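This report covers the packing of one chain. The sequence and the model come first.

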Amino acid sequence: MKYITTRNEGAETFAIADAIRQGAAPDGGLFIPASFPSLDIAAFDNADGLKAIAETLLAPFFEGDRLAPDLGAICASAYNFPAPLKPVGDDGKTYVLELFHGPTGAFKDYGARFLAAAMERLRAPGAPLTVLAATSGDTGGAVGGAFEDKEGVHVGILFPKGRISPFQEHQLTCWRGGVKSFAVNADFDACQALVKQAFADKALTEELGLTSANSINLGRLMPQMGYYAESALKIWRAHGQKANYIIPTGNLGNAVACVWARGAGLPIGKVILATNANKTLEEFFATGAYEPRPSVATLANAMDVGAPNNFDRLKLFLTDDLAASGVSAASVDDATIQARIKTDYAAYDEVWCPHTATAAEILASLSDEERAAPWIIAATAHPYKFRETVEPLIGRDVDCPPAFRAILDREAHAEEITADLGSLAQGLRR
Ligand SMILES: *Cc1c(COP(=O)(O)O)cnc(C)c1O
């Protein structure tokens, strides 16, 4: 399988190993498969469980690549915790796909662990490899946890000092090995700009072997197809119908993985993108005009995105008649998120994180006719991570999962830096 870029300038093709090693495409576009495999449902007859199903789905995407012989081992490392599909209510065809059972309690653990296992194998012996990630929440924790024990790979996590919750900060700063956390005396946008500046510095990129771990990297995006495949096959086997999904969305990494799984032949019907008050996608689907804008802060802060960076990957799967594409978007504001957390706790005894609540809200707004089909909402984070928001709404404490206890028991350490490339480079060299 060959890869091209969304801009396709020069019509160059790439191996997936190189696309993962580089992260962003050299022409400024995004790497995409040159074609999609068309898998028959029968191809999964002998695949049981998340790891086996994901590996079966990913195999054609890695065919002929130098990572192909290691795909099984990479999958074993990435999919080492379950993605349970649980009924919601008692209509027998509505489910929640819990993606938060990994070490840092968010779906990003799958992609970060796959990327780390791949990068470990892509490192040239003796050559430096440094993964940089700016984070305002879940990415940094997942990346730190995934890379902690990866031989010879260094990681720099940049976060805005004093602007994230104490638990979030602990989760970014508790990793050992080659993982360093930098508390930047600036806001998140400045952290992100600093990472971009580092990549633009050719000498520094070469010296440290810089690469990125954000969701434009195929090594994070593609493994997310695995849990959509597993859950869609469960629905197909149980109901003989396609599964429809509602996915909490920010940069569109998670949702594009679902659309790609559908493109590869999995029995997936509609995909609804659930966003918070950042309305870029809702307005695009209403008007056909894509107008990125600055983000606004919401309770679902991992989705505070005004210019989703995987948009060009989604667009390739949309037809001129947007309604016929089987993809749509709807926006949910903070007051409605809060009300939905309350209502569903009372109705189903379910505790949603604020991100998951956007999907639960859209589910509740579907017509009876639509609800005749099977629906799955993706639960993207464990509610404990957002307990300051959730607990007052449900009137009780959220239980702390064991994985978080382990994180809280670790010692945390961050290095303070100012938002300039010199300080970052110095910190990375130390
Ligand atoms: C990152 C994140 C999202 C958004 O996912 P994208 O792939 O950026 O669309 C949603 N919910 C949670 C909890 C997240 O951490």
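Leaving aside neighbours within four places in sequence, which residues is Phe31 in contact with?

## Basis

This is a predicted model, in which local features need pLDDT of at least 70, side-chain atom pairs count only at pLDDT 80 or more, and totals for chains, interfaces and linings use all residues. Residues are numbered from 1 along each chain as its sequence is written, and side-chain values use heavy atoms, with hydrogens and water left out.

## Phe31

With those neighbours set aside, Phe31 is in contact with Ile4, Thr5, Phe14, Ala19, Gln22, Gly23, Ala24, Ala25, Pro26, Leu218, Trp260 and Arg313; contact means heavy atoms within 4.5 Å. Phe31 lies in strand β2 (residues 31-33); strands are DSSP runs of E, at least two residues, and helices are runs of H or I, at least four, numbered from the N terminus.

Phe31 has a relative accessible area of 0% and is therefore buried (under 20%; exposed is over 50%, partly exposed in between; 1.4 Å probe, protein chains only). Its C-alpha atom is separated by 4.3 Å from that of Thr5, 26 residues apart along the chain.

## Nonpolar cores

A nonpolar core is a set of buried Ala, Val, Leu, Ile, Met, Phe, Trp, Tyr and Cys residues joined through side-chain atoms within 4.5 Å. The largest has 97 residues, and Ile20, Phe147, Tyr228, Tyr245 and Leu273 have the most contacts inside it. Helix α4 (residues 108-122) gives the most to this core, with nine residues. A second, separate core of 34 residues includes Phe167, Ile341, Tyr345 and Ile377.
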